[in-house]
Amino acid sequence: MFKEYRLQAILGIWGGFLLFALGFLVTGKHEAGYLFFGNAIMSGSYALFICGCFMYARGKGRSWYWGVLGLLGPLGLLVLYCLMDKSKFVLKKRRKELG
């Protein structure tokens, strides 16, 4: 996995999980303001999670659209994890083009 994508993927995926949990806790309050704020947090966390999945796919040397598998939930994350790491092949191709 490419080093430049590793931290972005970790922050995106785990940050999305944690923000979703926070939004879920906030919506537990039964007041209108909290409900709206909790839904806004959960929407933002979902976007952050998908961006993290995109970065994970890019870090493995795949195209960014493989990150859409994150939409499938745990099954999608399992498929992303099991994808073959093509970053070594991409690095060889870059070095060949540069030099």
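This passage walks through the inside and the surface of a predicted model. Residues are numbered from 1 along each chain as its sequence is written, and side-chain values rest on heavy atoms, with hydrogens and water left out. Because the model is predicted, local features need pLDDT of at least 70 and side-chain atom pairs count only at pLDDT 80 or more, while totals for chains, interfaces and linings use all residues.

On the inside, the largest nonpolar core has 10 residues, among them Ala-9, Ile-13, Phe-49, Phe-54 and Leu-83. Such a core is a set of buried Ala, Val, Leu, Ile, Met, Phe, Trp, Tyr and Cys residues joined through side-chain atoms within 4.5 Å. Helices H1 (3-27) and H2 are the elements that give two or more residues to this core, and H2 supplies the largest share, 6 residues. Helices here are DSSP runs (H or I, at least four residues), numbered from the N terminus. Ala-9 also touches Met-1, Gly-52, Met-55 and Tyr-56, leaving out residues up to four places away in sequence; contact means heavy atoms within 4.5 Å.

Ser-45 sits in H2 (residues 32-59) and counts as buried because its relative accessibility is 1% (buried is under 20% relative accessible area, exposed over 50%, partly exposed in between, with a 1.4 Å probe and protein chains only). Beyond its neighbours within four places in sequence, Ser-45 is in contact with Gly-16, Leu-19 and Phe-20.

Over on the loop between H2 and helix H3 (74-82) lies Trp-64, which is partly exposed at 48% relative accessible area.
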